Amino acid sequence: MRLSTAYRYEQTITNLQQRQQDLSTAQIQLTSGKRVNAASDDPTAAARAERALASMARSDADLRAVQASRNAMSLAESGLGNAVDLLQTARETIVAAGNATYSQSEREALTAKLREIRKQLVSVANQPDGGGGYVFGGKGATTAPFTETAGVVNFNGTPGEVLAASTEQVNLTMNGEAIWMNITRDLGGGTTESFSVFTALDTAITDLEAGTNVSGTVTTGLARLDRALGQFQTARSQAGEMLNRLDGIESRLADSKLASQTEKSNAEDLDMVRAISEFQNKQTGYEAALQSYASIQKMSLFQYIS
Amino acid sequence: MGSGIFALGTGAMTAARAMLDTTAHNISNVNTPGYSRQQVELATEDGLFTGAGFFGRGVRLTTISRATNEILVKETNMNTAAASADATRLNKLEQLEDVLPLGQSGLGYAATQFLNSFVDVSNQPLDMSARQVALAKAQEWVSRVRTADQQLTQLQSGVVSDLTLNVEQVNNLTRNIAEINQSIATFKGSGHTPNDLLDRRDKMINDLNKLVQVNTVEADDGSLSVFMGGGQLLVLSNAAQTLSVVRDPSNNALGRVALQTPNASNPSAPNNRILDSDQITGGAIQGLLQFQDVDLAATRSDLEAFVSDFAGAVDAQQALGETAPGVTGAAFFGGGPYSASTLAVSLTDPAGIAASAPPFSSSDNTNARNMLALRDQAIVTLNGLPPSTLTDAYSQMIGNLGVLVQNGRTASEISSTLEDNSRQMLSGETGVNLDEEASRLIQYQQSYQAAAKVLQVAQTVFDTLLSINR
């Protein structure tokens with residue numbers, strides 16, 4: 001077949017440019033470390049990488065929810081621990097007040113101690129969560145949820161729990177009303193009484209100060225405090241359980257993030273070994289093209305006739 | 001007898017000289033685009049009858065012909081048109097790909113991060129700084145949407161200005177073809193082909209095919225009528241039609257190719273008749289129209305669907321929450337209708353984020369958590385697909401665009417290979433090969449020398465004859 005000289009040169013230039021372009025593409029991939037630099041490089045892989053990236057961002061966000069919950073639950077757990085200690089002290093104090101040899105003024109010294117304990121219990125119940133809310137605020141409280149009016153402590157929040165923004169159910173607050181206010185005691189014969197930990201102490205203090213039925217007061221007071229203690233222990237172990245679950249959630253989130261990272265890398269990252277060898281192939285090809293051009297352009301009949 | 005050898009020698013020299021000239025012409029035009037190799041056509045003069053039989057009377061120059069192949073020319077033109085359409089479209093597609101970036105610079109990621117910021121709002125609903133972050137993330141998403149919208153608008157106006165330039169070139173070419181038709185027709189009676197004019201016309205037809213695919217029909221007078229792929233006449237003999245670019249009456253942003261027709265009532269303002277897209281079957285103009293009507297339109301529609309579905313879902317969720325007892329949340333993004341070109345964050349007060357579900361409590365985070373849950377809801381409906389989540393929808397969008405670009409690249413590779421092949425075949429037949437010309441040069445040089453030798457011999461013979469008288 002005849003070959004047109006001009007076309008041959010044009011073709012050579014096109015080929016050289018093509019090889020140069022291939023080499024530059026390979027170089028871009030090598031320097032970026034990415035096989036997929038634009039969606040058209042591999043649309044499926046680009047879409048996979050996009051989903052994996054969103055999943056990574058999601059794990060990070062969910063982790064923040066878990067951390068907030070952990071923060072609140074640790075506060076709740078240690079708060080309830082304090083409450084238990086305080087109630088133990090109150091219990092011992094009431095037992096001591098039952099001592100028949102104590103005079104009224106000695107008992108009043110003990111009730112002063114009980115008042116102090118009650119005051120501390122209120123402040124534990126009103127423990128803030130560090131972000132403007134309250135650990136025992138229930139479903140929502142912007143001011144201290146437990147307030148005292150005319151010597152009676154009331155719960156001002158909304159009953160319930162604030163949940164953290166996590167796929168698994170974890171709390172940002174505990175239901176303060178259920179823990180502190182709604183304590184029930186079985187009186188036998190199918191009747192129950194309901195009281196708060198504060199009224200239990202209040203009643204004990206008032207009755208001890210009246211000094212009429214000390215032993216009855218002590219028995220009732222202790223029975224009530226034991227119920228309250230039981231309830232606090234239960235709530236405390238709930239918080240502890242929640243902390244355990246949070247550990248599990250956190251490690252699952254970390255696993256999921258790692259899986260997403262791997263997925264993203266699999267989808268779009270470059271196999272370096274292969275890429276380097278391909279780059280070298282392309283380099284060799286380009287060199288060969290240059291050399292053949294240099295030798296072919298010398299070959300012309302005009303070189304031999306003169 | 002003596003005059004015979006002189007005439008023969010002169011004829012041979014003329015022929016050799018003509019062939020040398022033509023070879024020199026070929027060598028001169030080795031790099032001229034569209035040039036076809038020329039060749040001297042020779043014939044033997046009819047013999048002179050004598051009693052002793054026919055005496056040869058030497059060589060005769062019949063004409064100068066050019067190497068051409070009508071079928072290959074047509075095939076090359078066809079492939080040029082297809083390759084030019086695909087290359088033009090690909091070039092635009094590669095710019096289009098930048099509109100929807102991948103990864104962290106993408107607007108899908110920005111939308112996800114906006115929703116993710118509600119984790120902090122729900123962690124501490126009373127904390128204004130967490131809400132402020134959510135507003136900033138919303139703004140970030142909006143500005144990415146606006147950037148994408150601007151890029152699409154710029155691409156569209158680029159299409160119209162490219163169309164205008166291309167149509168201007170088409171008009172120049174068709175005018176020149178009409179003129180050259182006239183020149184060629186005047187030589188028709190001479191019995192010889194005006195090779196260089198024909199080359200120029202073929203080149204113009206090929207150039208025209210780069211812009212818009214055309215078919216040609218040769219008339220008896222040698223002029224070429226030019227029709228667009230769909231049959232619309234562009235050049236008839238020495239008259240050319242004029243094309244123009246007008247705005248699509250149904251969408252002012254789009255450009256359309258129109259044919260100018262005379263306006264009887266106002267000759268200075270001709271009428272424009274918009275040509276159907278199926279009239280334009282190849283060339284850069286077709287590539288541009290396809291990009292505008294298919295690729296750009298699809299990406300634009302995906303973007304608008306994404307923006308309006310996502311902004312709508314956020315606004316709807318916001319309206320389900322409360323910012324004060326009995327006060328539902330005001331819209332984040334203006335409440336719709338949403339458009340990528342006008343999208344804005346209408347909420348400015350961080351306290352306006354309705355984190356609480358009714359009944360209102362300032363520390364309730366139910367609605368903020370529901371907002372976050374939009375991540376997993378199928379809220380975006382892209383054209384013809386079932387609703388999907390935010391992330392899936394954006395993945396789908398970049399996947400769609402990637403496939404468009406990939407297909408455009410493949411189409412362009414195939415059609416440019418076809419163009420190369422046909423161009424190679426055509427140039428093999430019509431192009432100049434310098435080695436060939438070099439050997440012809442020697443061949444004709446020797447012919448010339450031989451002819452000169454004949455004249456020298458003739459002179460010697462004549463001298464011998466004259467010397468008898470001395």
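Student: Which residues does Ala284(B) touch, leaving out those up to four places away in sequence?
Tutor: This is a predicted model. In it, Ala284(B) touches Ser84(B), Ala85(B), Thr88(B), Asn166(B), Lys210(B) and Leu211(B), once residues up to four places away in sequence are set aside.

Student: Where is Ala284(B) found?
Tutor: Ala284(B) belongs to helix H7 of chain B, which covers residues 283-320.

Student: Is Ala284(B) buried or exposed, and why?
Tutor: Ala284(B) counts as buried because 25 other C-beta atoms lie within 10 Å, and the cut-off for buried is 20 or more.

Student: How many residues, and what distance in space, separate Ala284(B) from Asp196(B)?
Tutor: They are 88 residues apart in sequence, and their C-alpha atoms are 27 Å apart.

Student: What domains does chain B have?
Tutor: The domain assignment lists domain 1 (2-67 + 433-467), domain 2 (96-152 + 299-405) and domain 3 (159-295). Between domain 2 and domain 3 of chain B, the C-alpha centres lie 49 Å apart.

Student: Staying in chain B, what is the strand order in the open sheet?
Tutor: The order is S9-S10-S11, three strands with antiparallel pairing.

Student: Which strands stand at the edges there?
Tutor: Strand S9 (243-248) and strand S11 (271-274) of chain B do. Each has a single partner strand, so one side of each has no neighbour in the sheet. On average, neighbouring strands of this sheet are turned by 50° against each other, direction ignored.

Student: How many bridges link S10(B) and S11(B)?
Tutor: Four bridges, in the antiparallel sense, with S10 of chain B running over residues 251-261. Ala258(B) stands opposite Ile274(B) in S11(B).

Student: Which helix lies across S9 and S10 of chain B?
Tutor: Helix H5 of chain B, residues 128-187, does, and it runs at about 160° to S9(B).

Student: Switching to chain A: how many helices and strands?
Tutor: Chain A has seven helices and four strands. Along the sequence they come in the pattern α-α-α-β-β-α-β-β-α-α-α.

Student: What about S3(A) and S4(A), how do they pair?
Tutor: Strand S3 (residues 183-188) and strand S4 (residues 191-195) of chain A pair in the antiparallel sense over five bridges. Thr184(A) stands opposite Ser194(A) in S4(A).

Student: How many residues sit between S3(A) and S4(A) in the hairpin?
Tutor: Two, and Gly189(A) in that turn has a positive phi of about 70°.

Student: What radius of gyration does chain A have?
Tutor: It has 39 Å, whereas a compact globule of 306 residues would have one near 19 Å. Along the principal axes, the C-alpha trace of chain A spans about 140 × 35 × 30 Å.

Student: And how much of chain A is buried?
Tutor: Buried residues are 33% of the 306 in chain A. As for contacts in chain A between residues at least 6 apart in sequence, 68% join residues at least 24 apart.

Student: Last topic, the interface. How many residues of chain A are in contact with chain B?
Tutor: 44 residues of chain A, which meet 52 residues of chain B.

Student: Which elements of chain A give two or more residues to that side?
Tutor: Helix H1 (5-32) and helix H2 (43-97) of chain A. H2(A) gives the most, with 16 residues.

How values were computed: Residues numbered from 1 in each chain as written. Chains lettered and ligands numbered in written order. Predicted model: local features only at pLDDT ≥ 70, side-chain atom pairs only at ≥ 80, totals over all residues. Contact = placed C-beta atoms within 7 Å. Buried ≥ 20, exposed ≤ 12 C-beta atoms within 10 Å, placed from the backbone. Domains from an automatic or database assignment. Rg over C-alpha atoms; globule rule 2.2 N^0.38 Å. Pairing = 2+ DSSP bridges. Axes fitted to C-alpha atoms, helices over the stretch in contact; angles between N-to-C directions.
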